[in-house]
Amino acid sequence: DLSDVPRPGNTGASALRLKREEELAKREHERLEVVAGLSADSVFEYDIAADRMQYYNSKEGMFNSIFNKPVIENYTASILDGSIIEELFHPEDTEKFKVLCDDFRSGKPDIYAEVRKQYERGKYTWVSVEAKTMLDKQGVPTHVIGKISNIDEKIKQEQEMKYQMERDQLTGVYNKQTVEKLISEKLAEGVGEDAYVVITDVDDF
């Protein structure tokens, strides 16, 4: 049986193909580094099979600030450790980040999330994570490439606009439209509890 005997031609072709793939991977890596250097965002690449995260810059000092290195092995297992995830994110956003990690591993095509990252004890800044999943020739998800952006100013402006729209400019209390909306939402929940609402309209205030 000669089926297991190496054929020089096939071995050479395999070696050449492997070399080309390595060169393509190297060029792609260099391209990402260039893009990251020109971007105001933090660019990252996640290897799904290896559970490896690589950051190509640290302009925001984003999610690798605790590990203090550009490449993090066993990424999801490491970052989802209870103490680490609590140091990185606002308590209300830890579950959102867990979902984000699940999206990385599942091969979800388009990924987006907004979370609050802790930069000092008790102080947070809003960041967005936007990414796309890359597929191999067989359509199998292999990598996630994305960016992390500081959106703190944008979020604060939106919150301020919302506050102004919902409040009476003179007193700062909810305006009539907002009160009606909040009452309707509460009634729609059907909590099954008795409640009373008293509305007083003051003319010529």
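This report walks through a predicted protein model, from its overall layout to a few single residues.

## How to read the model

Residues are numbered from 1 along each chain as its sequence is written. Because the model is predicted, local features need a pLDDT of at least 70 and side-chain atom pairs count only at pLDDT 80 or more, while totals for chains, interfaces and linings use all residues; side-chain values use heavy atoms, with hydrogens and water left out.

Here pLDDT is the predictor's confidence in each residue, from 0 to 100. The protein chain averages 79, and 70% of its residues score at least 70. Among its elements, helix α1 (residues 8–38) has the lowest mean pLDDT, 61, whereas α4 has the highest, 93. Where pLDDT is low, the predicted coordinates should not be read in detail.

## The overall layout

The protein chain holds 6 helices and 6 strands. Helices (H or I, at least four residues) and strands (E, at least two) are DSSP runs, numbered from the N terminus. Starting at that end, the elements follow the order α-β-β-β-α-α-α-β-β-β-α-α.

Of the 205 residues in the protein chain, 30% are buried; buried means under 20% relative accessible area, exposed over 50%, and partly exposed in between (1.4 Å probe, protein chains only). A contact means heavy atoms within 4.5 Å. Among the contacts with a separation of 6 or more, 41% link residues 24 or more positions apart.

## The sheet

The 6 strands form an open sheet in the order β3-β2-β1-β6-β5-β4, with antiparallel pairing. Its edge strands are β3 (71–72) and β4 (110–120), each of which pairs on one side only. Two strands count as a pair if DSSP finds at least two bridges between them.

Let's follow β5 and its two neighbours. Strands β4 and β5 pair in the antiparallel sense over 10 bridges. In β5, Lys132 is the bridge partner of Asp110, and Ala131 is that of Ile111. The two strands make a hairpin with 2 residues between them, and Gly122 in the turn has a positive phi of about 80 degrees. On to the next pair: β5 (residues 123–135) and β6 (residues 141–150) are antiparallel over 9 bridges. Lys132 has Ile145 as its bridge partner in β6, and Val129 stands opposite Ile148 in β6. This hairpin has 5 residues between the strands, and its Gly139 takes a positive phi near 80 degrees.

## Helices packed on the sheet

Helix α4 packs on the sheet, where it touches β1 (42–47), β2 (52–55), β4, β5 and β6; its direction makes about 135 degrees with that of β4. Helix α5 (residues 152–166) also packs on the sheet, touching β4, β5 and β6, and its direction makes about 115 degrees with that of β5. For these angles, axes are lines fitted to C-alpha atoms, for helices over the stretch in contact, and the values run from 0 to 180 degrees between N-to-C directions.

## A closer look at α4

Helix α4 (residues 94–106) has 13 residues and reaches 18 Å from its first C-alpha to its last, close to the 18 Å expected at 1.5 Å a residue. The expected span is 1.5 Å times one less than the number of residues.

Which residues of α4 are buried? They are Thr94, Phe97, Leu100, Cys101, Asp103 and Phe104. These residues lie on the same side of α4 because they cover an arc of only 165 degrees around the axis, the arc being that of the directions from the helix axis to the C-beta atoms. The face turned away from the buried side carries the exposed residues Glu95 and Ser106. After α4 comes Gly107, with a positive phi near 85 degrees.

Tyr174 sits in the loop between α5 and α6 (176–189). Is Tyr174 buried or partly exposed? Tyr174 is partly exposed, because its relative accessible area is 38%. Leaving out residues up to four places away in sequence, Tyr174 touches Glu166, Arg167, Asp168, Val179 and Leu182.

Just after α6, Gly190 takes a positive phi of about 60 degrees.
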